[in-house]
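Reader: I'm new to this structure and a bit lost. Pick one part and take me through it up close, then show me what lies around it.

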Amino acid sequence: MKKILLLAVLAGGLAFGQSKKVVASDVHWWGYKVAKSEASSHDGTVKVKSGDLVMKGNKLVGGNFVLDMTTINSTDLSGEYQGKLNGHLKNGDFFEVEKFPTASFKITSVKPNSDKIYSSLVTGNLTVKGKTNAISFPAKISYSKGVVSLVSNKFSFDRQKFDVAYKSTMQDVFVKDDIDMLVKVTAK
């Protein structure tokens, strides 16, 4: 009886995939003022609080990530200006981290992509400030010796779909809707 139960558990694991815990990450963001250019942008990082990638054989089939929005940090500024921008990003003007301390991404599909370097197209549900929308991005995925690596190409999403809106008299005239991101995660 124990052997049958053990076989059922193993078969279930193979059918649904094997979960690998995220052990390293680098999530970089870019936000743009009036024009989408290097001269009119800010960029920074946000930390992954937890996550996993689900493998079926040597193929990525799913995963979940939780971003710690309290760690959002501008890296293009320093000192007083960095502190002001970080406070601005964390307050009600943008991400409201006291009310929404985390954001999440759940992979719903991974399909082949025509790009030779970023040969996978990862699609999933991004949840920011309690709003969920589907996004897709090209990625390079490798799996070797039990370690999974996912590296995205730079991709954009519309912050307005997540109610990340600059609350000022000029509203969003000075801030573009696109937020660019580059994501690197390693799981084992």
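Author: Let's start at Phe95, which touches Met69, Ile72, Leu89, Lys90, Phe100, Val128, Lys129, Val164 and Ile179, leaving aside residues up to four places away in sequence; touching here is contact, with heavy atoms within 4.5 Å. Keep in mind that this is a predicted model, where local features need pLDDT of at least 70 and side-chain atom pairs pLDDT 80 or more, while totals for chains, interfaces and linings use all residues. Numbering starts from 1 along each chain as its sequence is written, and side-chain values use heavy atoms, with hydrogens and water left out.

Phe95 also turns up in the largest nonpolar core: that core has 38 residues, and Phe95, Leu53, Met69 and Phe105 have the most contacts inside it. Such a core is a set of buried Ala, Val, Leu, Ile, Met, Phe, Trp, Tyr and Cys residues joined through side-chain atoms within 4.5 Å, and buried is under 20% relative accessible area with a 1.4 Å probe, protein chains only. The biggest giver to this core is β9, with 6 residues.

So where does β9 sit? Strand β9 (residues 175-187) runs antiparallel to β1, joined by 10 bridges. (Strands are DSSP runs of E, at least two residues, and helices runs of H or I, at least four, numbered from the N terminus; a pair needs at least two DSSP bridges.) One bridge puts Gly31 together with Ile179 of β9, and Ile179 is also among the contacts of Phe95. Strand β1 (residues 18-33) has another antiparallel partner, β2 (residues 41-56), again over 10 bridges; there Lys21 faces Asp52.

Elements giving two or more lining residues are β1, β2, β3 (59-74), α2 (79-90), β5 (120-128) and β9; β9 has the largest share, 5 residues.

A pocket, by the way, is an open set of points on a 1 Å grid over the protein atoms alone, where a 1.4 Å probe fits, with protein on both sides within 12 Å along at least five of seven lines; lining residues have an atom within 4 Å of a point. Its volume is the space filled by probe spheres on those points, joined across faces, edges and corners.

The second largest pocket holds about 220 Å³. Its lining includes Asn58, Lys59, Val110, Ser120 and Tyr143, and β3, β4 (102-112) and β6 (131-144) each supply at least two of the lining residues.

Notes: Buried < 20%, exposed > 50% of the residue type's maximum accessible area, 1.4 Å probe, protein only.
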